There are 2 protein chains.
Amino acid sequence: MAQQITPVEPQTVEELLDWWLELSEDDRQAEFVALPRQDAGTLFLALEAADRAFILESQTDQERRVWMRLLAPDDAADVIQQFDEDDQPGLLSLLDFRTRAQVEALLAYQSDVAGGKMSPRYIRVQPEMTTEQAVGYLRLQAESSHELMYYAYVLDKQDTLLGVISYRDLLLAPPAKTVSEIMARDVVSVPDDMDQEEVARVLRGRALLAVPVVNAEGQMRGIITVDDVVEVERAEATEDIQKLGGVEALDMPYFRTTRYSMFRKRGGWLAVLFVGQMLTITAMGFFEDELAAAVVLALFVPLIISSGGNAGSQASTLVIRAMALGEIALNDWWAVIKREIGFGLSLGAMLALLGFIRIFAWEGMFGSYGDNFVMLGITISISVTAVVLWGTLTGATLPFILRRTGFDPASASAPLVATIVDVTGLIIYLSVAKVTLLGGF
Amino acid sequence: MAQQITPVEPQTVEELLDWWLELSEDDRQAEFVALPRQDAGTLFLALEAADRAFILESQTDQERRVWMRLLAPDDAADVIQQFDEDDQPGLLSLLDFRTRAQVEALLAYQSDVAGGKMSPRYIRVQPEMTTEQAVGYLRLQAESSHELMYYAYVLDKQDTLLGVISYRDLLLAPPAKTVSEIMARDVVSVPDDMDQEEVARVLRGRALLAVPVVNAEGQMRGIITVDDVVEVERAEATEDIQKLGGVEALDMPYFRTTRYSMFRKRGGWLAVLFVGQMLTITAMGFFEDELAAAVVLALFVPLIISSGGNAGSQASTLVIRAMALGEIALNDWWAVIKREIGFGLSLGAMLALLGFIRIFAWEGMFGSYGDNFVMLGITISISVTAVVLWGTLTGATLPFILRRTGFDPASASAPLVATIVDVTGLIIYLSVAKVTLLGGF
């Protein structure tokens, strides 16, 4: 896998993106600069904010100006937000006067609410225009707009949103009618402080291509388009996946996350889990005499506790994802538990059988476990079944408890479930062993 | 959390969806039937294929006919695919003649390629029409089309795709020009056998609202719209999340997955992991004498191996997600490993310190570990650092190896990484102990 710099000259967006994605992080800045200007522009427009910022990082202000001016105001705002606060005024100053004012307005919002995601560029028409006038007016506005436009918004002089009209409606309407006669009055709009995930749901539920954003006074401030929904969904999934892996959400690409932030977001959970896992020392300590009497018991500890952790990780992952997709509601907790009792028992029994076979086989081949191997087999089988059942139920229940108490169910990560199950699994296993093998060794 | 049937009569799509998502699975079919007809229709159109199929399951053919006929052909095909093959002809027969033919054509494709995702209903115009004629023609076609339309496609008599024209272009063009004069000729189209994820990338990269699907002969067969992209991305994320949790992708909602299929998809991985984990018995067996001499060593086994597993799960999750988002390419493997060595060492050292403090504190308070507690502390600290480093590197490397060899990197699940790290972690820990504590107990 030697790194080589390929002298490609791709043409289409797809080719450029494929080529870009295969480039090593280290080469991307240099390769971007080496692209023909037109390809570079095509690629730059197809990339996301983090990649755009990364390219700009290595450039002079003069180069940056070219690329920043390619961007629509909402995209420019997203790029600027990738930089430290100290660097943001410098980037803002590269924009033309009108765009700069729009970007500044966007930067005043949190980046994850409607106001921070919207594009301030949209097509507005007046209610008293005829549709013919409106089409002529659109022709003028359309030339100065970079973004795709799907609807024209009908505003009064105070910017109050009165109605909406799609290009299609305008196209199909008789030319003499006025805009207010054919516009739809029951406009779906979202407040500027609505969370982006909620906005995504509105767009999806209504099958809209764009939704207007209004402030507390009912004035229209911008639009959010359907493309933004894809990005919001992707960011949500990333957050969930990282939490499920036992990491705090990074909010930044892997290589752009600073060492300190990465250490904190991983180390925090690792330390919590480590301290929780210390309970296993205490738990095993209670059985120190039994372990000393039969060291063979210790050999099976990792096998047994890990099967509980694995079963729990499966159950929690399935429940968390189903919750995120709306397949499972809080009210379904009992239905889920009923189902999971069945899976816990059947999966546990299957693994118990595998464990039993293993002990018999090794005893037959190597005489590993002495006279008591049947009782050992029984001990392991009972323990595995019980621990897998317990792990499955813990994994399935924890997301419900977290959600019910206001936490993110995705925090029920595989490592967290495993830690909880390890401690209880040890107690189950060694208690079973104490009963079945008491005096046996 | 008693289940109660609320006598709500919601109005908007959002209200209906919110209400639906909070319903328990058991109540959904009955509650749907109890809805006023108009609300039921609104809700049915807003649901996804799996939910639609679930509602239909409990209904008679006469009721099903009403709902099936609400659906566009591609949506109808998706719903029919949720049923067993035996039930599919019955559902098809409920559709009107024209739609049935279109749905049958869609069902001939795999559901995850362009041909299986496309809508066969789109607006076509002829190249020699004037734009004025085209607008009139559109007015006729628009009334019979259920889906949102953004573009009109210019086809010749043999259905060959010649060009595309947006509503906006048509609106802004002089009425006397012909369609062929103003249409865009460099149409982006996708072949009917292209994978849906690839189609999603084309739409996103080009910021298109819809893309035409053509067969091997260059004939246009349908369109894929931007809404489909959101669903594809969501399905992809679900698959990755389930794999990361150590489950085979379900491809169905939690409650709609049959018991057998659920058992197989969880049991398969659990059995593989269990058999792999059996190596821990062998590994610990090598150190049986040391464990017998110092049972205290056994007490720390779960703590040490789990810290390696947790660190590994974090690293693999971050790398897998970054790969899926295109942030990390195969070529970046060395840059990633360099970074992860730093994290492994620093995170390991932090946990080692915590472990050291714990041993000193317990020795001070309870005299738990006898004269050798300093050496025990050193043993645990060295082992934790080494095992965390090893876990981090395993978790970061495995996705690269899987991808390089053609497997899905998401298979490097938390449970798989933990299993690999458990076996090697034990060997590391007990080898360190053998050196540091040799003859010490």
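A salt bridge is taken here as a side-chain nitrogen of Lys or Arg within 4 Å of a carboxyl oxygen of Asp or Glu. By this criterion, the count between chain B and chain A of the predicted model is six salt bridges. In one of them, the side chains of B:R403 and A:E22 meet at 3.4 Å, N to O. Polar contacts between chain B and chain A, with both residues at pLDDT 80 or more, amount to 30 residue pairs. On the side of chain B that touches chain A, the largest share, 15 residues, is contributed by helix α19 (residues 301–324) of chain B. Divided by class, that side of chain B holds 73 nonpolar, 28 polar and 26 charged residues.

The contact as a whole draws 127 residues from chain B and 127 residues from chain A. About 11,900 Å² is buried between the two chains, with 66% of this area on carbon and sulfur atoms. Superposition of chain B on chain A gives an RMSD of 0.1 Å, through a turn of 179° and a shift of 0.0 Å along the axis. The two chains are therefore related as by a two-fold axis. The same surface serves both copies, in that 100% of the contact residues of chain B recur in chain A.

Within chain B, helix α6 (residues 73–81) is mostly covered, with seven of its nine residues buried. The buried positions are B:P73, B:D74, B:A76, B:A77, B:D78, B:V79 and B:I80.

How values were computed. Residues numbered from 1 in each chain as written. Chains lettered and ligands numbered in written order. Predicted model: local features only at pLDDT ≥ 70, side-chain atom pairs only at ≥ 80, totals over all residues. Heavy atoms only, no water. Buried < 20%, exposed > 50% of the residue type's maximum accessible area, 1.4 Å probe, protein only. Helix = DSSP H or I, 4+ residues; strand = E, 2+ residues; numbered from the N terminus. Least-squares fit on C-alpha atoms with pLDDT ≥ 70 in both. Contact = heavy atoms within 4.5 Å. Buried area = accessible area lost by both parts, 1.4 Å probe. Polar contact = N/O pair within 3.5 Å; in protein donor to acceptor, adjacent residues only side chain to side chain. Nonpolar A, V, L, I, M, F, W, Y, C, P; charged D, E, K, R; others polar.
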